[in-house]
Amino acid sequence: MIQPQTIFAAKKIFLTVYKKLRDALTDLLPIVLVIAFFQVLIIRQPLPQFGEVLFGGLLVVLGLSLFIQGLEMGLFPIGEAMAHGLARKGSLFWLLCFAFALGFSTTVAEPALIAVSREAAEIAGQGNLIPQTEKSLSSYALGLRLSVAVSVGLAILIGVLRILRGWPIHYLIIGGYAVVMLMTIIAPDEIIGIAYDAGGVTTSTITVPLVAALGVGLASIIKGRSPLLDGFGLIAFASLLPMIFVMGYGLVIFG
Amino acid sequence: MSFFKLFSGIFLETLRDVLPILLLIVSFQLFVLRQPIPHLRRLIVGGIYVVVGLALFLSGLEKALFPLGKIMATQLSDPTFIYGSKVAVAQPDWMAYGWIYLFAFMIGFATTIAEPSLIAVAFKANEVSGGVINQWGLRLTVALGVAVGITLGAFRIVSGTPLYLYILVGYLVVIVQTIFAPKNIIPLAYDSGGVTTSTVTVPLVAALGLGLSSTVPGRNPALDGFGLIAFASLFPIITVLGYAQYMHWSAGRIKKNLKEENNAI
């Protein structure tokens, strides 16, 4: 005889899983439609390794929904609570430490960044820019990820300082643009593409919600700051600074 | 069997990647805030979900999204598909790659319009502006920005022109717009650039660029393959600033008209 509670719990779990999967599927549906449209009507060739791609697609949907579910259960509430707690504690030193650590640790584990840096290492290896051994490839990929993570950490730190001091955002961003352009002149050509991309790659699934929570939380506690006006803008720094740092990394590696 | 090997390797790497976040949270909670960790069980279960989900996602990425982007780019830029014969072309004609541009445009639009973080940002923007900025209007604007950006990026790879020129011009446009745009939209517009490029978009778009640069004659993946994501995160800033400016202007005009009507009465 099965307890009614067990049935209830099972039903609840089933419903949550179903809802998450449905959400992930609706996110992916437009992409699937575009690809199917092109494959069937324009290319008119069978997709090679169709079964494998389908299986991989299922893994992506399943993995993404599990991942987001896990974030919402554990990481987001505690991250938000800590951002609030630290802002209220009022110690500038610890707040800045937390800002840096948050930016760094969320970026190191960013799935999109892991995938792209691995791909970048392979391309660099095929182009004979770095020795094509397993070890040098993975150290190149790790170097890329670490320089992006450090720069995102610094970016969040600067962004928090901006909220505290009330600096206008556009001067900082325009100044950053100028530095990007100057770095472009001296950086080796092979790194420029990946460096520019690094800005967009860093800010996705994990980083955006946590960082936004930190910004809005801070701005709502400090007097005279509007959470809607000053709370935004952290992500803008986090997508600007990595460009500069990755070009710096390229200067060191390819020199 | 090979899949399990792949998966277990990725799983171990993922574990190593997630460790810094856990260490950060635990040490801050215990040593700086000096409080016990709330909802410890939820945190642990959530952590397990994160690691397993991430490992599944990355293995799926390796099997589906990367190959898919590359296959599509290769098929669409295949000389037999474009020129009808297997002639070796030394200098590609950028006009012949129409389907590539259409594909880039549609994939940019499709990945952005359903993006969850964009939906959240659109909701907040509606709040900031006191309802002046329409949620759907903003989402369409951003998606259009990403679509145009990726299309232009694909054109850049086909034509082989230097990336920094496009980005430089884009920056100049952003700076000029910043001067004229309503001040309270600026941080939001800057953020919308980073928000749009999600975990699914990035690998697919990156693979598109790499595939394209390896099949178009005369292009080198190491030099030309990257840069599409940079376009996708720059152009939404421009379109959002433009949209805000337009809404501001038309709201101002309506007010002015109302005033004039009142005066006339």
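**View 1. Burial within chain A.** Of the 255 residues in chain A of this predicted model, 51% are buried. A residue is called buried if 20 or more other C-beta atoms, placed from the backbone, lie within 10 Å of its own. In this model, local features need pLDDT of at least 70 and side-chain atom pairs count only at pLDDT 80 or more, while totals for chains, interfaces and linings use all residues. Residues are numbered from 1 along each chain as its sequence is written, and chains are lettered from A and ligands numbered from 1 in the order in which they are written.

**View 2. The helices of chain A.** Chain A holds 10 helices and zero strands. Helices (H or I, at least four residues) and strands (E, at least two) are DSSP runs, numbered from the N terminus. The C-alpha trace of chain A spans about 60 × 55 × 35 Å along its principal axes.

View 3. Two residues are in contact if their C-beta atoms, placed from the backbone, lie within 7 Å. Among contacts in chain A with a separation of 6 or more, 83% join residues 24 or more positions apart. An automatic or database assignment sets the domain bounds: domain 1 covers 1-73 and domain 2 covers 90-254 of chain A.

**View 4. The contact of chain A with chain B.** Chain A contributes 82 residues to the contact, and chain B contributes 82 residues. On the side of chain B, helix H2 (residues 40-76) supplies the largest share, 25 residues.

Conventions:
Buried ≥ 20, exposed ≤ 12 C-beta atoms within 10 Å, placed from the backbone.
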